[in-house]
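Please report on the local architecture of the model shown here.

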Amino acid sequence: MRHGKLACALALALALGGCVQTTGTGVSGVSRSQLMLVSSNEVNQQAAQAYAQVLAQARQQRALDTNPTLTRRVQSIASRLAAQVGYFRPDATQWAWEAHVINSSELNAWCMAGGKIAVYSGIVEQLGLTDDELAVVMGHEMTHALREHIREQQSQEAVRSGLLGALSALGFGAAASLADTVSNLGIMLPFSRAHENEADEIGLELMYRAGFDPDAGPRVWEKMSAVSGSQPVPILSTHPSNESRISTLRELAARLKASPRQD
Ligand SMILES: [Zn+2]
C-alpha cells in the first residue's frame, strides 16, 4: 500500500513530463537531454510577472533606464543577439525579448525565462565593459533562458520534493533528510555547473554569430575574477565560476573563429 504511493509518484512524474533537447547543436557542441516536468508557459508567465514587478520597483526608485546612452547600447546588443537565437531554437525568435538597465552599483545581469533581460549599470561601469564584453555577458544570460535552465531546476525540485514526500510518507524521515542533504550538496550542484558551462559556450557562439569578437569571452571572466577579491560580485554567486571556465572560452573562441558562420 505504502510502496504503491511511491510508485504512483514516480509514474506521475514520468507521465507528466519527459526529456527534451531545448537547443540545437552548434559549433560549441552542447548537447544534453533535460528532464522537464513543469510547463514552459507556466514558467514564462511567472517570469513575465516577476520582470514587470522588478521594472516597476526600479522605476519607482528612479533606477530604470536612467542613462539613455547605456540603455541604447544594451538594447541594441540585445536585438543583435536576439536576431541569432533561431539558429539554436527557432521558436525563440517569437519570444518577446526585452532588455532594460537597472541603475545600481551591483555587478549583476540576468535573463529571466522567456527572454526578459536586465543589466545593472555597475557591471558595465566598474568592469569598463566594451560592447563585445557586454555581448558575452548578455549572450551567457540569454542562453540560460534558451536552455530553459530555470524550468529544468524547477523540474528537478519537483522530483526531489516528490521523492522526499513519498519517503516521509513511507516513514523514512531520516532517509528523507539525508536525501535532502545529498541532493543539495551532490545533485543540484553539478547541474548548476553544467548550466554555467552551457551558458558560457552557447552564449559565446551566439555573440559570435551576431558579429561580436569571441576573444572578449575569456577577458570578461578575467575581469570579474580580478575584482572579486576586493568586492562582492553578485553575478558570480548566482553563476558559479570554475578554474576551467577561462581556458574553455579561450579554446572555443579560437574554434569559432576558425569555422565559417553557418545559417
Ligand atoms: Zn550563468
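The sections below go from basis and terms to helices, the sheet and selected loop residues.

## Basis and terms

This is a predicted model: local features need pLDDT of at least 70, side-chain atom pairs count only at pLDDT 80 or more, and totals for chains, interfaces and linings use all residues. Residues are numbered from 1 along each chain as its sequence is written.

Helices (H or I, at least four residues) and strands (E, at least two) are DSSP runs, numbered from the N terminus. A residue is buried if 20 or more other C-beta atoms lie within 10 Å of its own, exposed if 12 or fewer, and partly exposed in between; the C-beta atoms are placed from the backbone.

## Helix H3

Helix H3 covers residues 68–82, 15 residues in total. From first C-alpha to last it reaches 21 Å, close to the 21 Å expected at 1.5 Å a residue. The expected span is 1.5 Å times one less than the number of residues.

Val74, Ile77, Ala78, Leu81 and Ala82 are the buried residues of H3. Seen down the axis of H3, they fall within an arc of 130°, so they line one face of the helix. The arc is that of the directions from the helix axis to the C-beta atoms. The face turned away from the buried side of H3 carries exposed Pro68, Thr69, Arg72, Ser76 and Ser79.

## H3 against H5

Two packed helices are described by the angle between their axes and the distance between the axes. The axes of H3 and helix H5 (residues 131–146) come within 10 Å and cross at roughly 60°. Axes are lines fitted to C-alpha atoms, for helices over the stretch in contact, and angles run from 0 to 180 degrees between N-to-C directions.

H3 and H5 are therefore oblique to each other. Angles under 35 degrees count as roughly parallel, over 145 as roughly antiparallel, 65 to 115 as roughly perpendicular and the rest as oblique. The crossing of H3 and H5 is right-handed. A crossing is right-handed if the near helix is turned clockwise from the far one by less than a right angle, and left-handed if anticlockwise.

Helix H8 (residues 216–228) has 13 residues, which should span 18 Å at 1.5 Å a residue. The end C-alpha atoms of H8 are 18 Å apart, which agrees. Its buried residues are Ala216, Gly217, Pro218, Arg219, Val220 and Trp221.

Helix H10 (residues 244–258) has 15 residues, and the 21 Å between its end C-alpha atoms agrees with the 21 Å they should span. Arg245, Leu249, Leu252, Ala253 and Leu256 are buried in H10. These residues fall within an arc of 110° seen down the axis, so they line one face of the helix. On the other side of H10, Ser244, Ser247, Glu251, Ala254 and Ala258 are exposed.

## The sheet

Three strands form an open sheet in the order E3-E5-E4, with mixed pairing. Two strands pair if DSSP finds at least two bridges between them. Strand E3 (98–102) and E4 stand at the edges, each with a single partner strand, so one side of each is left without a neighbour in the sheet. Neighbouring strands of this sheet are turned by 15° against each other on average, direction ignored.

E4 (residues 109–112) and E5 (residues 116–120) run antiparallel, joined by four bridges. Cys111 stands opposite Ile117 in E5, and Ala109 has Val119 as its bridge partner. E4 and E5 form a hairpin with three residues between them. Gly114 in that turn has a positive phi of about 85°. From E4, Ala109 and Cys111 point one way, Trp110 and Met112 the other, and all are buried.

Val119 in E5 is buried, with 27 other C-beta atoms within 10 Å. Val119 and Val74 lie 7.6 Å apart, C-alpha to C-alpha, and 45 residues apart in sequence. Val74 is among the buried residues of H3.

## Loop residues

Most residues other than glycine have a negative phi. Arg62 is not a glycine, yet has a positive phi of about 55°. Asp65, also other than glycine, has a positive phi near 50°. Arg62 is in the loop between H2 and H3, and Asp65 has its place in the loop between H2 and H3. Arg62 counts as exposed, with 8 C-beta neighbours inside 10 Å. Asp65 counts as partly exposed, with 19.

Val38 sits in the loop between strand E2 (34–36) and helix H2 (40–60). Val38 is partly exposed, with 19 other C-beta atoms within 10 Å. The C-alpha atoms of Val38 and Gln156 are separated by 9.6 Å, while the two residues are 118 residues apart along the chain.
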